[in-house]
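My notes follow, in the order I checked them.

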Amino acid sequence: MSDVRFINGQNLPNIPWQEKPEGIVGAPIWRHSENPIIKRNPVKGVSRIFNSAVMPYEGKFVGVFRGEQNNGIPHIYLGFSDDAINWNINEEKIPFVDENGNPFMPKYAYDPRLVKVEDTYYVMWCTDFYGASIGMAKTKDFKTFVRIENPFIPFNRNAVLFPRKVNGNFMMLSRPSDSGHTPFGDIFLSESPDMVYWGKHRHVMGRNDKWWENIKIGGGAAPIETSEGWLLFYHGVTGTCNGFVYSIGGAILDIDNPSIVKYRCSNYLITPEEWYEERGFTPNVCFPCATLCDDATGRIAIYYGAADSYVGVAYTKLDEIVEYIKNNSSLSESDTEIGIR
Ligand code: BMA
């Protein structure tokens, strides 16, 4: 087994966990036995919660949740949990404000990610900016959420911030898209000295010839810093005669130059197989948005949206998943290059 370890990791003794069951074939990832952890109509006025992100907070857990309101418009809701499995989700949407404290609500908000950099928590989501693009807000107390400048022009989705600056700059993955269901898409990297101006755009990795990710890919959970590089769980999409299928993939990015892919698993890690992944508002979707990690044990809990209807959790161990990704890695030229043309 590899001796990979987390870098800048934290001990999380209360990470949700179940031991690996017998009979796992393929990637060493196994689903929480009581999935889905969030079911239909979970909150007054909200029919479905999925594609949501969680973090440790003050010895417990906090999360930002994509809630589809009964009128069909998605917004972000805040939730708290003692065990990261049973969630109390606010009935009110997160009340975003501008820098003067005045209400500044997005028209809609979906697929939130939550990342802490230094002493600040950042939420990023898909917002209406005269078309689908990325919205961002910051908080230190999960009470006041101040919106900051939209980092990119439309159209864009799946923005994921790195949990620390790299070479002195904030780093963010994103997936340029169209305003609809986007029949293409690669992951790009952008950097910023101040969270206002973003540039030095680089191509990280593209859709490829593997059937499960041959239409589009997008960043998933915030990259995890390890001794092998940045461990990225992302989504890869294929097309069928009945629509898209979203699977979870794994890659490892260079620690100092994250636009360089060091390893990329040619097999999916999770593909829709369970009823809550195959059946729902949008069938056949596994959409990772966050992880929890425990430094002491190497445990990782992956949070993913299932069928645009539910939240699922899956478990893996750092050494096992890194070994699997490395052993099954295949890289294209556009993966290994710095990504500027
Ligand atoms: C994407 C986003 C995600 C969704 C996925 C599958 O374009 O809208 O929120 O999970 O499609 O429907």
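I count a residue as near a molecule or strand if one of its heavy atoms lies within 4 Å of it. This is a predicted model: local features need pLDDT of at least 70, side-chain atom pairs count only at pLDDT 80 or more, and totals for chains, interfaces and linings use all residues. Residues are numbered from 1 along each chain as its sequence is written, and side-chain values use heavy atoms, with hydrogens and water left out.

**Ligand.** I find Asn-51, Arg-66, Asp-111, Tyr-246, Thr-282, Val-285, Phe-287 and Asp-308 around the ligand. I then looked for polar contacts (pairs of N or O atoms within 3.5 Å; within protein, one must be able to donate a hydrogen and the other to accept it, and residues adjacent in sequence count only if both atoms are side-chain atoms). A polar side-chain atom of Arg-66 sits 2.6 Å from a ligand oxygen. For Asp-111, I read 2.7 Å from a side-chain N or O atom to an oxygen of the ligand.

**Arg-175.** I located Arg-175 in strand 11 (residues 170–176); strands are DSSP E runs of at least two residues, helices H or I runs of at least four, numbered from the N terminus. The side chain of Arg-175 reaches the backbone oxygen of Ile-217 at 3.0 Å.

**Helix 2.** In helix 2 (residues 318–327), I list Leu-318, Glu-320, Ile-321, Val-322, Tyr-324 and Ile-325 as buried.

Terms used
Buried means under 20% relative accessible area, exposed over 50%, partly exposed in between (1.4 Å probe, protein chains only).
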